[in-house]
Amino acid sequence: MASEKITALIEEVKGLTVLELSELVHALEEEFGVSAAAMAAPAAGGAAAPAAEEKTEFDVVLAEIGAEKIKVIKAVREITGLGLAEAKALVESAPKAIKEGISKDDAEELKKKLEDVGAKVELK
């Protein structure tokens, strides 16, 4: 069971916006000289088995905003449910993941929606 101090900290983090969470992560990375990036793939011995499996989860990554920035921000707000400021910050930080770990069909649908408003999107 977590201590009261940890529980209080978790409750505080729950109340932050996406933009504030991003700022917190960057501040912690700077303060402690660490990176919050995902770990690299396992060594070559474990890489052969996943290659045979079909990928089932995809990330929708906004590669470039395009000429219609406002339309892209509106589409990102609709997709993510973020507020205007958070969606604008996410779009301006491109390339950036919009949705992660979603099905291929959902990823294709979101890609089409974003490309329809002029954005360049990658599926990873």
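The axes of α4 and helix α5 (residues 84–92) come within 9 Å of each other and cross at roughly 115 degrees. The model is predicted: local features require pLDDT of at least 70, side-chain atom pairs count only at pLDDT 80 or more, and totals for chains, interfaces and linings use all residues. Residues are numbered from 1 along each chain as its sequence is written, and side-chain values use heavy atoms, with hydrogens and water left out. Helices (H or I, at least four residues) and strands (E, at least two) are DSSP runs, numbered from the N terminus. Axes are lines fitted to C-alpha atoms, for helices over the stretch in contact, with angles from 0 to 180 degrees between N-to-C directions.

**α4 with α5**
- The crossing of α4 past α5 is right-handed (the near helix is turned clockwise from the far one by less than a right angle).
- Lys-69, Val-72, Ile-73, Val-76 and Arg-77 of α4 are in contact (heavy atoms within 4.5 Å) with Leu-84, Ala-87, Lys-88, Leu-90, Val-91 and Glu-92 of α5.

**α4 with α6**
- Helix α4 (residues 69–80) packs against helix α6 (residues 104–116) at about 155 degrees, with the axes 9 Å apart.
- The two helices are therefore roughly antiparallel (angles over 145 degrees).
- α4 and α6 also cross in a right-handed manner.
- On the α4 side, Ala-75, Val-76, Glu-78 and Ile-79 meet Leu-110, Lys-113 and Leu-114 of α6.

**Salt bridges**
- The whole structure holds seven salt bridges (a side-chain nitrogen of Lys or Arg within 4 Å of a carboxyl oxygen of Asp or Glu).
- One of them joins Glu-64 to Lys-120, with the closest N and O atoms 3.9 Å apart.
- This pair links distant parts of the chain, as Glu-64 lies in strand β1 (residues 58–64) and Lys-120 in strand β3 (residues 120–123), 56 residues apart.

**Helix α2**
- Gly-33, which follows α2, has a positive phi near 65 degrees.

Conventions:
Angles under 35 degrees count as roughly parallel, over 145 as roughly antiparallel, 65 to 115 as roughly perpendicular and the rest as oblique.
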